[in-house]
Amino acid sequence: MMKAIKLAFITMLAVVVLFGLGAPWALAQTLRIAMDAGDIADLNPHIGHSTQDRGILHLIFTGLVRYSPGDIGKFEPDLAEKWDVSKDGKVWTFTLRKGVMVHPWKNNPGYELTSEDVAYSFKSAADPKRSAWAGEYAGMTFEAADKYTVKLTLQKPLSSILLLPKVADYAGGLIIPKKPAEELGEGFRTQPVGTGPFIFSKYLPKEKVVTVRNDKFYRGVPKLAGVEVFFMPDLSTRKFALQSKEIDVIEGPPSQPWVEEMQALPGVKVNVFGPGEAGVLHFNATKKPFDDIRVRRAVAYALSRDEVVTTIGKAIAAPVYSEIPPPQAGWMSREELLQRGQKDKKDCLYEFDRNKAKKLLAEAGFPKGFTTEISMTERGEYQVPIQNIVAQLREAGIDVKLKVVDHPTYHSNIRKDLNTIVLFNCWRPTTDVRLTHFYHSDSIVVTGKKPITNFSHVGMIDVDGDKKVDNVDSLIESTREMLDAEKQVARWKEVQLKVIDWCLSYPVFIKKFTFARQDYVDWGYDLKSTLILSPQINELTKINK
Amino acid sequence: MMTYSLRRVLIAIPTLLVVLTITFILIRVAPGDPAEVRLGDYASKEAVEALRAEMGLNRPIWVQYLDAMKGLLLGDFGRSMVNGRPIAADLVRSLPYTLELTLAGILFGALLGIPTGVYTALKRNTLSDYLGRTLSLGGLSFPTFYLGILLMLVFAIKIPVFPVVGGGPLDDLSKNLYHLFLPGLTLGLIMTAYVTRMTRSSVLNILNEDYVRTARAKGLAERKVIYKHLLRNALLPITALIGVYAIVMIGGSVMVEIVFSRPGLGRMMIGALKQRDYTTLQAVMITFTSFVVLINLLTDLMYGLIDPRVRFK
C-alpha cells in the first residue's frame with residue numbers, strides 16, 4: 001500500500017507540474033504590479049484614497065489638467081486643451097479637448113466626453129455625500145457653458161497654485177463621466193468607467209484588478225496591452241513573485257535594507273521617488289505638560305532629525321524643517337530658516353541640544369523629566385521613526401510610553417484628541433490645504449467647526465501668555481485669496497514661522513516611496529515624484545522584451 | 001442517522017446566534033468604523049457623518065443588531081460596507097479556495113502522516129522511530145507562515161517548479177492544482193506532524209491486543225494484520241484528530257492565503273476586520289461557524305462508518 005501511495009503522489013506531482021509548466025504566466029506586454037494591500041477599498045475616484053486604489057484609478061481616469069508624469073512640480077493640459085481665468089481670479093474657463101471617448105461599459109460602447117460630464121463630476125466631487133474631498137470644492141459652482149466649455153466660478157479668488165491641483169488628475173479632479181455613473185450607481189465603485197489609458201476589465205476580490213488597453217485613448221494608444229494590479233500584502237511573497245518573474249513591479253516598504261536587498265538582485269531596479277510623506281510631531285497644547293512652551297521646546301531640542309533619518313535610511317528619507325515639505329510652494333530649507341532665525345533673533349530650527357532640553361524641562365518644573373503615554377499605529381512607517389524618537393527623548397528624561405494599536409484605531413484615537421503627541425505622516429495636495437488642516441482653528445480635532453487634523457489646537461490656546469487666544473486663521477484665509485504667487489508663498493512662510501515660534505509642531509522627516517521593478521519595465525518618463533504614491537503607468541509605459 | 005444529523009443541525013442554530021452576537025459586539029467595540037476607514041483621514045467630519053447615516057450606523061444599536069440577525073439567519077448576507085458588493089458573491093468566490101486548501105491539507109496530512117505513524121509504531125525505539133518523532137516534533141513547532149515562505153523559497157525560487165502567486169482559476173483544474181500544491185503541502189506538513197504522533201500512539205495502544213496476536217498466529221500476512229486489523233481499529237482517534245484539525249485549518253488557512261496571495265475566507269475575514277466591514281465580517285463568521293458544525297457532524301458520522309458498533313441516538 002505504501003508503494004501505491006508513493007506512486008499516486010509522484011504521478012499527481014508530475015501531472016500538475018507538466019500542465020502548469022505549459023501555462024503562460026501573462027499575456028505578452030501586460031504589466032503586472034503587486035501592491036501591499038489585501039484588496040481595493042473603493043474605485044470611485046472621489047472616495048478611493050488608499051495607495052492601491054489611487055494607482056488603479058490613475059489607469060482609468062484623467063483630469064482637466066495633469067501633473068507632468070514623474071514630476072509634480074508642473075502641470076500640463078489634459079482633458080482641457082487650454083484655460084483662462086478672469087482678472088478677479090474667480091472665474092476659470094476650461095476648453096475641453098474634442099473627441100475624448102468615455103470607456104465602453106456593460107452594453108454601452110462609450111461616447112464623447114463633454115462639458116456636461118465634467119460639470120457633473122465636479123458637482124459630485126463637491127457633494128459630501130459622494131466625495132471624501134467635498135471640502136476642496138465648497139463654494140464653487142460648475143457650469144457647462146457649451147458642449148466643450150466648462151466654467152468654474154469661485155466665491156473667492158484662487159491663484160493657479162491653489163486651483164490647478166483641484167482640477168488635476170488626482171482625487172476630486174479625476175473626471176467621472178455622467179452616464180455610466182448614473183447607470184451603474186453603487187456598482188461604479190467596483191466597475192469604474194473613465195477616460196484614461198486603460199479600461200477596467202474585471203475585479204477578482206482579494207486577488208487583482210485587470211485593465212486592458214484603451215485603443216481610443218486621446219493621448220495615443222498605450223504601448224502596454226493592459227495592466228494587472230495584484231493584492232499581495234506579504235512582503236516576502238512580493239519579493240519572490242518578482243524574482244520568479246510572475247510579477248513585473250512590486251511595492252516596497254520605506255526601508256533602506258529592503259532597497260539595498262532589491263538592488264542586489266539580478267535584473268531588478270529600484271525606484272525611490274517623492275514627494276514622499278512628511279512626518280511631523282504635533283504637540284497637544286491643551287494637555288499637560290505640553291501647554292507649557294518650555295516643555296514643547298524641550299522635546300524639540302531633545303531630538304536629532306538626522307538620527308531619525310539615519311534610522312529610517314538616508315536613501316529614502318531626509319530631514320524636514322518646515323511644516324510644508326519640499327517641493328511644495330512655501331517650503332523652507334534649513335539654510336533659509338537659519339537665516340530667518342538670525343534676522344528675527346529667534347530659533348527657527350530647534351536643532352539637537354540635549355542639555356538645553358534638560359534645562360528647559362527643569363525651568364518648567366520637570367527636573368527629572370516626565371512620563372506620557374500615547375497611542376501609536378502598528379504600521380512600520382510609523383514604528384521605525386517613533387521608536388527612535390522615543391529612545392532619544394528618554395535620554396533627556398522624557399519617557400514616552402507607546403500604546404500600539406491597529407491603524408484605523410490610531411486614526412480614531414487621535415481624532416478623539418486622546419494623544420499628547422501625534423506623529424502624522426502625510427502629503428497634502430496644496431500648501432493651503434496642509435496649513436488649514438493642521439493649523440486653522442476650524443480644523444481643531446473634536447471641537448473645531450470642521451474638525452480634521454489640528455492636533456495642537458492652534459487657535460484655541462494662549463501661547464504667549466498675553467491672555468489672548470493666538471491663531472493664524474486670518475493669515476491662512478487672506479493668503480488663500482492672494483493672486484500674486486510670490487507674495488502668497490511669502491505669506492505661507494509667515495504662517496509657518498509663527499507656528500515654529502510657538503513650537504506647536506516639530507517637522508522631523510520626509511520619507512519617500514519605494515518600488516522595485518524588472519529592468520525591462522520602462523515607465524516612459526523620468527520618475528522623480530508622483531502624488532498617487534506609486535509609479536504612474538500611462539500610455540508611454542512599456543515592457544522591453 | 002438522519003434523525004441524529006437533523007438534531008445536530010438544529011442544535012447548531014443557537015451556536016450560530018451566540019457567535020453572531022459576540023462578533024457583532026466585538027467589532028463595534030473596536031475604535032474606528034467603516035465610514036472613517038472608507039473615506040480616509042482627509043475626509044471632513046461632515047462627509048464621514050453623511051456616510052455613517054447612509055450606512056445606517058447612526059440607528060440605535062439594537063435596531064442594527066436585529067437587522068443583522070434577521071438578514072444572516074435568513075441567508076441574506078447583504079452588501080459589503082466598504083465596496084458595496086454583494087457579500088454572497090464574494091463568499092461564493094472565496095469559499096472554494098478555502099475548501100480546496102483545507103482538503104489538500106487534510107489529504108497531505110493523512111497520506112503522509114498515517115503511514116509514517118504506523119511505521120514508527122512498528123519500528124518503535126529504533127533510529128527510524130526517533131527520527132520520525134523528532135521530525136514530527138519539528139513540524140508541531142513550525143509556524144505555518146514560515147514553512148510556507150520556506151517552501152516557496154525552495155520550490156518556487158531556487159528550484160522553480162511551482163508558482164508563487166495566486167490561487168489559480170477555478171475553471172481550469174490543472175492550473176488550479178498547480179497553484180494549490182505548495183499551499184496545500186504547507187498546511188499538510190504541519191498536520192502530518194500531528195497525525196503521525198496520534199497514529200503512532202494509537203497503533204501502539206492496540207499492538208499487543210489479543211486479536212492482533214490471533215491474526216498473526218493465524219498466519220496472516222503482516223500487511224493484512226497492519227491494515228485490516230491494526231489500522232482499522234486505530235482509526236477512530238485519528239479520525240477525531242483529523243476532524244478537529246480540519247476546523248483549525250479552515251481558520252488557520254489565513255496565513256497560507258496571505259503568504260501565497262490566495263483568495264479565501266481567511267483573507268476575507270482579515271480584510272473585513274482591518275476595514276471595519278461589519279457586514280462582511282459577520283457573514284464570514286457565520287460561514288466559518290457553519291463549517292465547524294458541519295465538520296463536527298461529518299466526523300461523528302465517520303465514526304459509524306469506521307466502527308459499526310457505533311450507534312447514533
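Which residues does A302(A) touch, leaving out those up to four places away in sequence? Hold that thought for a minute while I set things up.

What we have here is a predicted model, so local features need pLDDT of at least 70 and side-chain atom pairs count only at pLDDT 80 or more, while totals for chains, interfaces and linings use all residues. As for names, residues are numbered from 1 along each chain as its sequence is written, and chains are lettered from A, with ligands numbered from 1, in the order in which they are written.

Okay, back to A302(A). The answer is R354(A), A357(A), Q392(A), L393(A), A396(A) and I398(A). By touching, or being in contact, I mean that the C-beta atoms of two residues, placed from the backbone, lie within 7 Å. A302(A) also turns up in the largest nonpolar core, which has 216 residues. A nonpolar core is a set of buried Ala, Val, Leu, Ile, Met, Phe, Trp, Tyr and Cys residues joined through C-beta atoms within 7 Å. Buried means 20 or more other C-beta atoms within 10 Å of a residue's own, exposed means 12 or fewer, and partly exposed is in between. Along with A302(A), the residues with the most contacts inside this core are F230(A), A241(A), A298(A) and V299(A). The element that gives the most to the core is helix α8 of chain B, residues 173–206, with 15 residues. As background, nonpolar side chains tend to be buried together in soluble globular proteins.

Now, chain B. Its secondary structure is 12 helices and 0 strands. Helices here are DSSP runs of H or I with at least four residues, strands are runs of E with at least two, and both are numbered from the N terminus. The C-alpha trace of chain B spans about 85 × 55 × 35 Å along its principal axes. Of its 313 residues, 41% are buried.

Chain B comes in two pieces, domain 1 (18–87) and domain 2 (94–306), with the bounds taken from an automatic or database domain assignment. Their centres, over C-alpha atoms, are 36 Å apart. Where they meet, 18 residues of domain 1 of chain B are in contact with 12 of domain 2 of chain B. On the domain 1 side, α1 (2–29), α2 (34–39) and α4 (61–73) of chain B give two or more residues each, and α1(B) gives the most, with 5. That side divides into 12 nonpolar, 4 polar and 2 charged residues. For those classes, Ala, Val, Leu, Ile, Met, Phe, Trp, Tyr, Cys and Pro count as nonpolar, Asp, Glu, Lys and Arg as charged, and the others, Gly among them, as polar.

Let's zoom in on one helix pair. In chain B, α10 (222–259) and α11 (265–274) pack at about 90°, their axes 7 Å apart. So α10(B) is roughly perpendicular to α11(B), a label that covers angles of 65 to 115 degrees. The axes are lines fitted to C-alpha atoms, for helices over the stretch in contact, and angles run from 0 to 180 degrees between N-to-C directions. From α10(B), S253(B), V254(B), E257(B) and I258(B) meet G266(B), R267(B), M269(B) and I270(B) of α11(B).

Also in α10 of chain B is A234(B). Is A234(B) buried or exposed? A234(B) is buried, because 26 other C-beta atoms lie within 10 Å. Beyond its sequence neighbours up to four places away, A234(B) touches T199(B), S202(B), V203(B) and I206(B).

How do the chains meet? There, 49 residues of chain A are in contact with 56 residues of chain B. On the chain A side, α1 (2–21), α6 (235–243) and α13 (407–415) each supply at least two residues, and α1(A) has the largest share, 7 residues.

Last stop, some backbone details in chain A. Most residues other than glycine have a negative phi, and most peptide bonds are trans. Still, a cis peptide bond joins G274(A) and P275(A), with omega about 5°, and P275(A) is in strand β12 (268–283). The bond from K288(A) to P289(A) is cis too, with omega near -5°. Then there is K345(A), not a glycine, with a positive phi of about 55°. K345(A) is in the loop between α10 (334–344) and α11 (354–363) of chain A, and counts as exposed because it has 6 C-beta neighbours inside 10 Å.

Terms used
Parallel < 35°, antiparallel > 145°, perpendicular 65-115°, else oblique.
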